Amino acid sequence: MTQFQPQLGNAFYKALGAEDMEPLLAINEIIANSIDSWIEEYCGKKAKRPKLSIDINMSAKQITIQDNAGGMEPEELKNAMGFAKVQKELSDCADDLMGMYGFGLKAATANLGGHFEVVSKRKNKDLCHVVMPIDKMAQEVKAGKSGMLSDIEENGYNKKTKIKDVEKVFNPAKTKSGTFIYISQIKRTNFNPESIMNELCYAWHFFTQENHLGPAVEIKFNGVKISEPEWGRDQGGQVPYSSIDFEFPFSWRENTKTIDTKVQFSVWLNYKGGQYQAGGLSLYRKLQMVSYKDQELGKWWSNESASIEGYLSTNYLTPNQRKDDLDRTTRFYKEFNKALEPVMKGAAKLVDSQRGGLDGKGFSRTAMAQDEFEMGKFLALGWLKYFNEHPLVEVSSKFPKELEKFLKDKQNTPSGPEDPGPEDPGPEDPRPEEPAVEIFEPIDENSFNFDGETYQLLILKDKTDGSSYDWKKTGEQIEIFIDDEADGINKELGGMLKKMTNDPGVGKWEKLSLNLVKEHVIHQFLLKENIQNARAFAYAKSWIENIYKNE
Ligand SMILES: Nc1ncnc2c1ncn2[C@@H]1O[C@H](COP(=O)(O)OP(=O)(O)OP(=O)(O)O)[C@@H](O)[C@H]1O
Ligand SMILES: [Mg+2]
């Protein structure tokens with residue numbers, strides 16, 4: 001066992017622990033590190049990233065966080081206990097890595113408890129284990145002593161550990177890697193697990209679904225898997241069809257360089273507005289949340305416009321060193337704040353209860369919530385049209401098919417004087433007339449009509465990404481790949497899939513399960529085509545019902 005001197009000494013840890021970081025923020029720092037390690041591990045490699053699992057367990061006695069990311073060797077672990085700043089900046093994957101200051105881990109652990117340990121292991125290497133008695137170290141400082149109490153074991157478990165049955169708790173196989181963080185002498189024991197769980201959903205929603213970095217990350221909190229957040233849940237839910245995705249191309253000068261970027265937005269209306277906690281734009285940097293329901297950026301938020309909610313994502317927003325808010329002093333923040341203002345203010349004016357709506361006489365959410373037609377009209381001719389026609393943004397989501405009829409109606413009625421949009425309404429939308437057909441129509445077991453096209457469903461046997469089936473759209477063909485050997489898939493289903501892909505003509509049961517797979521794929525396909533979930537589900541259901549209607 002070797003005692004080592006972290007570059008920063010006892011006083012550093014003492015100071016960090018006095019920072020008073022919220023438990024949730026601290027947990028988020030540790031999660032960010034696990035994800036960073038997972039990103040780094042496969043940086044520049046051809047192989048796809050395997051699934052990352054992060055397991056958090058939190059009680060009044062102890063907090064543990066375990067991951068199966070890349071792990072650390074003794075040297076890395078020692079560095080991690082000091083300032084780790086340079087490491088992530090120099091990485092080939094620097095653009096994707098969240099860490100930037102080099103002390104998130106120390107600040108997080110020191111704020112959560114008075115004692116922490118890190119056990120870590122790289123693939124095919126020995127495990128190493130550091131014990132940091134922060135409270136004791138702080139006492140040493142007080143007593144004017146300089147001896148270090150931090151302690152690392154480079155080839156196995158550390159005898160000074162306080163982890164009960166450590167060999168049972170964390171013991172990856174020789175070929176596996178990962179990190180286990182243990183924190184005890186918990187400082188704030190009155191945390192609310194449910195609200196932490198809920199907030200984790202928002203904080204990590206870009207990672208709990210597949211993204212450009214790899215498959216969905218599994219984050220578990222006290223044994224429960226973090227799911228997709230229900231946006232707008234506390235505000236009466238999202239108004240259907242109101243959600244719009246757009247990009248905001250933006251350039252600014254930093255020193256002598258001009259930097260061009262595109263900030264990604266998703267914005268929608270909730271049924272309820274209100275004050276403080278209602279509405280706002282959650283801000284994400286490198287897919288990590290840095291501010292929840294921010295009401296400052298763009299200076300558009302008010303009680304009148306609080307039914308607007310959304311999020312944006314850019315690599316250029318930075319958190320402050322305490323990570324409890326953004327650094328609002330950066331050049332990017334200031335410039336972007338100015339640029340965003342007119343766009344969001346225009347949208348806010350639209351939903352203003354005094355001056356908003358299509359006629360400028362006010363927007364009444366409550367009345368609209370009861371009148372689907374009026375709401376549809378407002379969305380088509382006001383809200384969505386506003387973003388679609390705004391010169392500063394590029395809308396990427398398609399206009400919801402369900403609202404097309406309002407645009408068509410509009411073309412047939414001469415626009416009266418009570419038509420002014422909130423800002424400049426712009427020219428009438430010159431969408432070509434389309435025959436009024438149902439958007440979705442089941443045909444038979446292998447096809448359906450959607451938006452004027454006939455789509456064929458094609459079953460192919462192929463390896464998938466680990467799930468039992470997968471699909472892709474190629475022109476008007478929807479190819480469904482069935483993998484009867486996918487991992488995680490239970491034997492019975494595997495057998496069934498095998499049977500039905502080998503001989504699709506067989507029994508009724510096999511056919512039914514295949515049709516259920518197709519139904520699911522149709523549902524997914526419609527979601528991708530921007531059909532609202534409830535509608536997509538109903539269409540997919542109508543497709544399968546159509547097949548069995550005579551049986
Ligand atoms: N779960 C983990 N798996 C592998 N390495 C880790 C893990 N957690 C921390 N590390 C290592 O420890 C170092 C220190 O982490 P720390 O959070 O203190 O700094 P950072 O992530 O570089 O920057 P920031 O202060 O912005 O978080 C990291 O750079 C990384 O090398
Ligand atoms: Mg970090």
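Helix H9 (residues 331-350) and helix H11 (residues 372-389) pack with their axes 10 Å apart, at an angle of about 180 degrees; axes are lines fitted to C-alpha atoms, for helices over the stretch in contact, and angles run from 0 to 180 degrees between N-to-C directions. H9 is therefore roughly antiparallel to H11, a term for angles over 145 degrees. Helices (H or I, at least four residues) and strands (E, at least two) are DSSP runs, numbered from the N terminus. Gly346, Ala347 and Leu350 of H9 make the contact with Gly382, Trp383 and Tyr386 of H11, where contact requires C-beta atoms, placed from the backbone, within 7 Å. The residues of this contact comprise four nonpolar, two polar and no charged. Here Ala, Val, Leu, Ile, Met, Phe, Trp, Tyr, Cys and Pro count as nonpolar, Asp, Glu, Lys and Arg as charged, and the others, Gly among them, as polar.

The model is predicted: local features need pLDDT of at least 70, side-chain atom pairs count only at pLDDT 80 or more, and totals for chains, interfaces and linings use all residues. Residues are numbered from 1 along each chain as its sequence is written, while chains are lettered from A and ligands numbered from 1 in the order in which they are written.

The chain has 15 helices and 20 strands. Of its 551 residues, 36% are buried, that is, with 20 or more other C-beta atoms within 10 Å of their own.

An open sheet of mixed pairing contains six strands in the order S13-S12-S14-S11-S10-S15; strands pair if DSSP finds at least two bridges between them. Its edge strands, S13 (288-294) and S15 (394-395), each pair on one side only. Two strand pairs are set out below.

| Strands | Sense | Bridges | One bridge pair |
|---|---|---|---|
| S12 (residues 280-285) and S14 (residues 308-314) | parallel | six bridges | Leu283 and Leu312 |
| S19 (residues 469-474) and S20 (residues 477-482) | antiparallel | six bridges | Tyr469 and Ile482 |

The hairpin of S19 and S20 has two residues between the strands, and Gly475 takes a positive phi near 60 degrees there.

Ligand 1 is surrounded by 24 residues, the closest being Asn33, Ser37, Ala80, Gly99 and Gly104; a residue is near a molecule if its C-beta atom, placed from the backbone, lies within 6 Å of it. Helices H2 (23-41), H3 (74-80), H4 (85-90) and H5 (104-112) are the elements that each give two or more residues to this shell. H2 provides the largest share, five residues. The shell divides into eight nonpolar, ten polar and six charged residues.

Key:
Buried ≥ 20, exposed ≤ 12 C-beta atoms within 10 Å, placed from the backbone. Parallel < 35°, antiparallel > 145°, perpendicular 65-115°, else oblique. Contact = placed C-beta atoms within 7 Å.
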